[in-house]
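These are my notebook entries on a single protein chain. I recorded what I looked up, element by element.

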Amino acid sequence: MPSLFEAYVTNLGKYNEGELVGETLKFPATTEDVQALLKRIGVDGIRYEEIFITSFDGDVLGLYDYLGEYENLDELNHLAHLLSDMGTADLEKFEAVIDSGEYTGSVQELINLTHNLDCFDFEPGISNDEELGRLYIQDFGAVEIPEHLIDYIDYEAYGRDARINESGHYAPGGYVRNNYGNFIEVYHGREDIPDEHRIFAYPKLNIREQMAAYQGIIDKSALDTEKHRISPGREER
């Protein structure tokens, strides 16, 4: 399945120690992808357990502007699968809606938006008021105009009024407006993620790797204790 967006996943514990250790994860992903990545960046579930996301990138226009550093990987993967199932037209409509700023407050809202795109009307390629006015009058017949007057219409003014009245928005791909259909909240939280879209799992460590991780905790604890005992401004007695 082609990648739609990607996240730079970072070891939070290492970051707090002053070291940036991370790697890019492409979505949709698999559990095996996540386990391999976590192992490479040192998140073993023993010594280091937490991650955060340094940055996002991808082919879904503007999506990364609405994703944060502590997003859940399972939720991101679920969103990626839903977007992957869309045709080109629906994906362009999704991009236009999020460009307008609607339903972008959380990954939960973005997921619900994928289920409710019929609540929006999208006109590809319409980028200004004049084009919108011509579309509504000439193609949709919004106003009955005698043929001999068709070239005297102020399409820009008509389009401007229509856009204002509809609270429409010109996105990079076209014109979008909320038609105020019945928006249904399908997704309520992580419990609604299908099992096949859940991907987060710590690496499977063999006995030697587990012992090394626990030894690392012991060594770090001993070092921290020693640093506290001989801290700047204190003399060892």
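Entry 1: strand β1 and its partners. I first looked up the bridge partner of V9 in β3, and I found I53. The model is predicted, and I read every entry below with that in mind. β1 and β3 (residues 51-58) run antiparallel and are joined by 7 bridges. I then turned to β2 (residues 22-27), which is also antiparallel to β1 and is joined to it by 6 bridges. In that pairing, I noted T10 opposite G22 of β2. I also checked the cover of β1 (residues 5-11): the strand is mostly covered, with 5 of its 7 residues buried. As a reminder to myself, side chains in a regular strand alternate between the two faces of the sheet.

Entry 2: the sheet of β4, β5 and β6. In what order do the 3 strands of the open sheet lie? I read the order as β4-β6-β5, with antiparallel pairing. The edge strands are β4 (120-124) and β5 (169-171), each of which pairs on one side only. From one strand to the next, the twist averages 25°.

Entry 3: helix α4. I found that α4 (residues 88-100) packs on the sheet and touches β4, β5 and β6, its direction making about 120° with that of β5. I tested its length: the 13 residues of α4 should span 18 Å at 1.5 Å a residue, and the end C-alpha atoms are 19 Å apart, which agrees. Which residues of α4 are buried? I listed L91, K93, F94, E95, A96, V97 and I98; the list includes the charged residues K93 and E95. The cover over the buried residues of α4 includes α3 (73-84) and α5 (107-114), together with β4, β5 and β6. After α4 comes G101, with a positive phi near 90°.

Entry 4: helix α6. I next followed α6 (residues 129-139), which lies across β4, β5 and β6 and runs at about 70° to β6. What caps the N-terminal end of α6? I found N128 there, with a side-chain oxygen 3.2 Å from the backbone nitrogen of E130. The buried residues in α6 are D129, L132, G133, L135, Y136 and I137. I set this list beside the general rule that an α-helix has 3.6 residues a turn, so residues three or four places apart point the same way. The buried residues of α6 pack against α7 (155-166) as well as β4, β5 and β6. G141 follows α6, and its phi is positive, near 65°.

Entry 5: the whole chain. The protein chain holds 8 helices and 6 strands, and along the sequence I read the pattern β-α-β-α-β-α-α-α-β-α-α-β-β-α. Of the 237 residues, 38% are buried. The chain exposes about 13,800 Å², and carbon and sulfur atoms supply 47% of that area.

Methods: Residues numbered from 1 in each chain as written. Predicted model: local features only at pLDDT ≥ 70, side-chain atom pairs only at ≥ 80, totals over all residues. Heavy atoms only, no water. Pairing = 2+ DSSP bridges. Helix = DSSP H or I, 4+ residues; strand = E, 2+ residues; numbered from the N terminus. Axes fitted to C-alpha atoms, helices over the stretch in contact; angles between N-to-C directions. Contact = heavy atoms within 4.5 Å. Buried < 20%, exposed > 50% of the residue type's maximum accessible area, 1.4 Å probe, protein only. Areas by Shrake-Rupley, 256 points an atom, 1.4 Å probe, with all protein chains shown as cover. Polar contact = N/O pair within 3.5 Å; in protein donor to acceptor, adjacent residues only side chain to side chain. Expected span 1.5 Å × (residues − 1).
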